[in-house]
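Please look over this structure with me. My notes follow as numbered points.

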Amino acid sequence: MRKTPIPAARVVRLLFVGLLGACVGSRGASAADPAPGYLGPRSLAVSPDGRTLYVACEDARQVAWVGTADGKVIRRVDLPAEPTGLALSPDASRLAVTCAAPKSGVVVLDADTGQSLQVLPAGHTAMSPVFSSDGKRLYVCNRFDNDVSVFDLTTGDLVARIRADREPIVAAMTPDGRTLLVADHLPNTRTDRAFEGNVSPRVTFVDTQSLQTSTTALPHGANGIRGMSVSPDGQYALVTHLLSNFESVPFRVDTGWINVNVVSVIDLPQRTVIATIGLDEYYRGAGNPWDVLWSADGTMVYISVAGTHELAVIRAEDLLSDQARRTMQPMMVAWPIYPSLGASLWRRIALPGKGMRGLAAVGSKVYVAQYFSDSIAQVDLHPGGEARMNEIALGAAPVLTEVRRGHLLFEDATLCYQHWQSCASCHPDARVDGLNWDLLNDGPGNPKNTKSMLLSHATPPSMALGVRATAEIAVRAGFVHILFSEPPDEDSVAIDAYLKSLRPVPSPYLVDGGLSELAERGRELYDSDRIGCYRCHPAPLYTDLRAHNVGTRTPNDRLDRFDTPTLVEAWRTAPYLHDGRYTTIRQLLTEGRHGLRPNEKLNEDEIDALVEFVLSL
Ligand code: HEC
Ligand code: HEC
């Protein structure tokens, strides 16, 4: 079914003159080098009659219209930046597409003709558009501005911006249209005293009339939130995520010892999590669940599993049953294990492609975006019958470059013993999970905050104590000691290539790509001999590649000196220091007096300026 592309409708490009400058050259969440020629299907929607599938292709910066009867691409519409999400209006007449950039544009397209109707200016890396039930408002998550934009579609005005906590990544609406749910991607807590509190991301409930909010926490250890779906009866919301046993020493991966892969059930009238149900089987993990979707009749639940390239299917009544809670609710207290080995209620269907992303469903058909295969899996789940599989190609079969293959392998849980996790389980989008792990490479009893992969290869040595001389060594050690497997070296070579290709996402603190006035003053302090941050964190890498004693040793640590981390993208790598004790740069400077000489005093303005500069890197 692979077809020559039909000439693209370039309408949108013309309408973008104003936004184009802001969007070009900036990358969304998965900031690897743009991949020429790749499509990268990421989000899906299907028309109510089931005839047309709308596919947001991240790498091609396009939305494709696909006829489901013959699997042919009917139309491609170019976008100004990588689309991160799309939604069909309640009357199916319009398509809202979030295009990620520091100043994101949300494009509203005519669902029939592909014509651009509206372009709305959103925040940094807009994602997960959601229409109000009357189709008059649109909500989008601004992932890196930590808030949600509310638009009035009749006037095109921004009505409000609503705070979330850390990286709001997915939103969903209750069927009565009264409550918008927004889930954060990561926890925003200090992690050095994890036993004292709940380390978990939040779900925010927004009253769509008053725009008042309340929040609830996902379970302790939750991270890497990706998908959310509300049941058609409005009683439950499901959230897909990992549950990380980060307080135990990760000396084994089986039995779900390090990460388990789960869906949390939120009771909507009560606004609390009532169950967290594992997708894993006792000997077979379901590494890295992504999207989740209820069938329109509310009887089935579908989950795409990015790391094992599967579709997990369960009957809603089974998911909500006592049996599911007895057999599939992981206990993460001291011994992370699924209490019963009872037969799994999930049906896990192997899909033909790689790297599952967004879902759409109509009738008995479920569609899954296969990111690395540039195709869509169409699974026909006739009740009682065999699942019938069809692969819809969106273009020519992709030939994977080393970088692309490395990206796939980094997120591939099938490389792990029993498929429990991938590198991306602790390094989502090749960054951080916000947790501490007591990896054994520097001995037990001294947990370290997870490091980002950005600039890792350019800033040897690796790890907070520099126990790995290079990132290349750390990558190979990661397979052996964390995934408990030994893939061929060519796989590690590809991962090296992918990690080296990562580029920083422009900081949300920049103003039109440059330092704000405040940050500019901060830079002067940073570079001054009086404050002198530059001595250990010199540009352009913002590290001198050396270890220093900066007074951060705790009773758990066996050394005084820690490797100086790069400060590039420090705005997204909280909590800070090797043990994750500070959630903000301000705390690091005020409570920690980090890098300051004993008698040095910074006034409030100076602290504001220095913080602003570090957050702008
Ligand atoms: C269980 C969570 C976890 C998993 C899974 C994991 N890592 Fe890590 N990784 C960490 C933590 C925590 C650190 C920081 C450790 C330290 O500072 O001592 C780290 C550090 C690294 C570093 C060094 C970064 C630097 O600049 O110092 C590299 C490279 C790395 N990991 C690669 C990988 C690869 C490749 C995989 C998959 C094979 C992987 N990791 C899987 C938790 C994990
Ligand atoms: C003497 C060398 C030195 C100086 C001077 C110094 N730093 Fe650091 N910096 C370090 C080291 C070493 C660490 C890691 C310490 C740890 O993890 O316990 C660090 C960590 C940090 C971190 C945390 C990064 C992360 O990802 O956890 C930030 C932010 C930071 N420094 C900013 C600054 C600023 C701002 C200044 C100037 C006020 C400064 N540093 C001065 C050596 C230095």
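1. Start with the surroundings of ligand 2. There are 23 residues around it, and C533, C536, H537, H578 and H594 are the closest. A residue counts as near if one of its heavy atoms lies within 4 Å of the molecule.

2. Some ground rules. This is a predicted model, in which local features need pLDDT of at least 70 and side-chain atom pairs need 80 or more, while totals for chains, interfaces and linings use all residues. Residues are numbered from 1 along each chain as written, chains are lettered from A and ligands numbered from 1 in the order written, and side-chain values use heavy atoms, without hydrogens or water.

3. Next, the iron atom of ligand 2. Its protein donors are H537 (NE2) and H594 (NE2), 1.9 to 2.0 Å away. H537 lies in the loop between α9 (517–526) and β31 (547–548), and H594 in the loop between α10 and α11 (604–616), so the pair ties together parts 57 residues apart in sequence. Donors are N, O and S atoms within 2.8 Å of the metal (3.2 Å for Na, K and Ca); water is not among the atoms, so sites may look incomplete.

4. What is the geometry of this iron site? The site is octahedral, with angles of 86 to 180° among 6 donor atoms. For six donors, that term requires opposite donors over 155 degrees apart and all other angles between 65 and 115.

5. Is H537 buried or exposed? H537 is buried, at 10% relative accessible area. Buried means under 20%, exposed over 50%, and partly exposed in between (1.4 Å probe, protein chains only).

6. Finally, ligand 1. Its iron atom has a single protein donor, H427 (NE2), 2.1 Å away.

How values were computed:
Four donors count as tetrahedral if all angles lie between 85 and 135 degrees; four count as square planar and six as octahedral if opposite donors are over 155 degrees apart and all others between 65 and 115; anything else is irregular. Helices (H or I, at least four residues) and strands (E, at least two) are DSSP runs, numbered from the N terminus.
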